[in-house]
Amino acid sequence: MYNYILEKLPYKSSFRFIDNVSELNENGVTGDYTLEKDAFFYEDHFPGQPITPGVILIEIMAQIGLVILGIFIINLSDNSSEGQEGILFPLLTSTDVSFYKMVLPGQKVTVVSKKEYFRFNKLKCNVQMFDESGELVARGIFAGTIGKVKIKS
Amino acid sequence: MDRQVILNELKKVLVPYTLNKEALNNINEQTDLIKDLKINSANLVDIIIDAENQYHIEIDMDSAERISNVGNCIDVIIEKMGSPN
């Protein structure tokens, strides 16, 4: 129902970590992703004992919890640039995450994100990740900017 | 409100956002938030929100863009409180 927004994501193939958006409004988002059994990172993390890297779980939480919600909010407030928006570049600016459970190849995780604020193009959210049995896998505070970002070297 | 009073209050607001405690202890109006205090530029938004709550003001985008050092942060706070002195 909300999957139209997936078309607006800048990520492709092996680095797009979202399958479905089940809830989406200006205060939050819920989405899920099923880890591909042959994802590129399992071969070496760890050989013979594939476990989803924490950094990938963070990326899943950020893509669903921040980027999807950020694109949605920006599109709400910025009708004028419709048609000429181009690709929105999200930048993660901070995370503070705790992990509670491992995620194995093929598992489905659900991310629930609640907006703390969106000001001056910065989105800050409380993000939780659950496994299929509804148990908490990870939670944290994520912040990022999106849109007309000036990249300074 | 006196600029020095605001500066001392700002010092407390900035504590969670900088690891450079020595620079924070020695701040003056010329202290640059990003260069001198090594504050993550996205945290400027958190600092603005903290300042809004502390002084019961609202800082708009134009004013926020003027903030780069402690002095112009104080300027914006005084301006929004409507008490230029």
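In chain B of this predicted model, helix H1 (residues 3–14) packs against helix H5 (residues 70–81) at an angle of about 110 degrees, and their axes lie 10 Å apart. Because angles of 65 to 115 degrees count as roughly perpendicular, H1(B) is roughly perpendicular to H5(B). The crossing of H1(B) and H5(B) is right-handed.

**Helix packing in chain B**

- H1(B) contributes Arg3(B), Ile6(B), Leu7(B) and Leu10(B) to the contact with H5(B).
- From H5(B), the contacting residues are Val70(B), Cys73(B), Ile74(B) and Ile77(B).
- Sorted by class, the contact of H1(B) with H5(B) has seven nonpolar residues, one charged residue and no polar residues.

**Contact between chains A and B**

- Eight residues from chain A and six residues from chain B take part in the contact.
- On the side of chain B that touches chain A, helix H3 (43–55) and helix H4 (61–66) of chain B each supply at least two residues.
- That side of chain B divides into five nonpolar residues, one polar residue and no charged residues.

**Strand pairing in chain A**

- Strand S1 (residues 20–25) and strand S2 (residues 28–34) of chain A run antiparallel and are joined by five bridges.
- S1(A) and S2(A) form a hairpin, with two residues between the strands.
- Within this pairing, Glu23(A) stands opposite Thr30(A), which belongs to S2(A).

Terms used
Residues numbered from 1 in each chain as written. Chains lettered and ligands numbered in written order. Predicted model: local features only at pLDDT ≥ 70, side-chain atom pairs only at ≥ 80, totals over all residues. Pairing = 2+ DSSP bridges. Helix = DSSP H or I, 4+ residues; strand = E, 2+ residues; numbered from the N terminus. Contact = placed C-beta atoms within 7 Å. Nonpolar A, V, L, I, M, F, W, Y, C, P; charged D, E, K, R; others polar. Axes fitted to C-alpha atoms, helices over the stretch in contact; angles between N-to-C directions. Parallel < 35°, antiparallel > 145°, perpendicular 65-115°, else oblique. Left-handed = near helix turned anticlockwise from the far one by under 90°.
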